[in-house]
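Please look over the fold below and keep the structure open while reading. The report goes from the sheet to the helices and then to the core.

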Amino acid sequence: GIMITTKIGENAGLIWNALQGGALTLKALKKATKLKNDDLNLALGWLAREGKVAFEAAEELTISLL
């Protein structure tokens, strides 16, 4: 419902802010935002769907802003 969507949006904001300084690995992003896996993944999916983030899978998944 609305509460879940609002929370995902807030978490997306935390991710956005964390990535302002440059690309981060998934592990570093989790540490920077202090989000649980589910919350992190939902918010990343939201940002990905909006075309706001890029993913690079090298040795580790790295996320950056577009």
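How many bridges join strand 2 to strand 3? Five bridges do so, and the two strands run antiparallel. The model is a predicted one.

In general, strands of a sheet pair through backbone hydrogen bonds, either parallel or antiparallel.

Strand 3 covers residues 61–65 and is joined to strand 1 by two bridges. Strand 1 and strand 3 run antiparallel. L24 has I63 of strand 3 as its bridge partner. T25 stands opposite T62 in strand 3. A hairpin of three residues links strand 2 to strand 3.

Helix 3 spans residues 37–49.

## Helix 1 against helix 3

Helix 1 covers residues 2–19. The axes of helix 1 and helix 3 come within 8 Å and cross at roughly 80°. An angle of 65 to 115 degrees counts as roughly perpendicular, so helix 1 and helix 3 are roughly perpendicular to each other. Helix 1 brings T5, K7, I8, G9, N11, A12 and I15 to the contact. Helix 3 answers with D39, L40, L42, A43, L44, W46 and L47. By class, the residues of this contact are nine nonpolar, three polar and two charged.

N11 deserves a separate look. Is N11 buried or exposed? N11 counts as buried because its relative accessible area is 8%, and buried means under 20%. N11 sits in helix 1. Leaving out residues up to four places away in sequence, N11 touches L35, D39 and A43.

## Helix 2 against helix 3

Helix 2 runs over residues 26–33. The axes of helix 2 and helix 3 come within 11 Å and cross at roughly 110°. Helix 2 and helix 3 are therefore roughly perpendicular to each other. On the helix 2 side, the contact uses L26, L29, K30 and T33. These meet N37, L40 and L44 in helix 3. The contact of helix 2 with helix 3 has four nonpolar residues, two polar and one charged.

## The nonpolar core

Which residues make up the largest nonpolar core? There are 11 in all: A12, I15, L19, L29, L35, L40, A43, L44, L47, V53 and I63. Helix 1 and helix 3 each supply at least two residues of this core. Helix 3 gives the most, with four residues.

L29 is one of the core residues. Leaving out residues up to four places away in sequence, L29 touches I15, A18, L19, L24, L40, L44 and I63. L29 also takes part in the contact of helix 2 with helix 3. I63 belongs to the core as well.

Definitions and conventions:
Residues are numbered from 1 along each chain as its sequence is written. This is a predicted model: local features need pLDDT of at least 70, side-chain atom pairs count only at pLDDT 80 or more; totals for chains, interfaces and linings use all residues. Side-chain values use heavy atoms; hydrogens and water are left out. Axes are lines fitted to C-alpha atoms, for helices over the stretch in contact, and angles run from 0 to 180 degrees between N-to-C directions. Angles under 35 degrees count as roughly parallel, over 145 as roughly antiparallel, 65 to 115 as roughly perpendicular and the rest as oblique. Contact means heavy atoms within 4.5 Å. Ala, Val, Leu, Ile, Met, Phe, Trp, Tyr, Cys and Pro count as nonpolar, Asp, Glu, Lys and Arg as charged, and the others, Gly among them, as polar. Two strands pair if DSSP finds at least two bridges between them. Buried means under 20% relative accessible area, exposed over 50%, partly exposed in between (1.4 Å probe, protein chains only). A nonpolar core is a set of buried Ala, Val, Leu, Ile, Met, Phe, Trp, Tyr and Cys residues joined through side-chain atoms within 4.5 Å.
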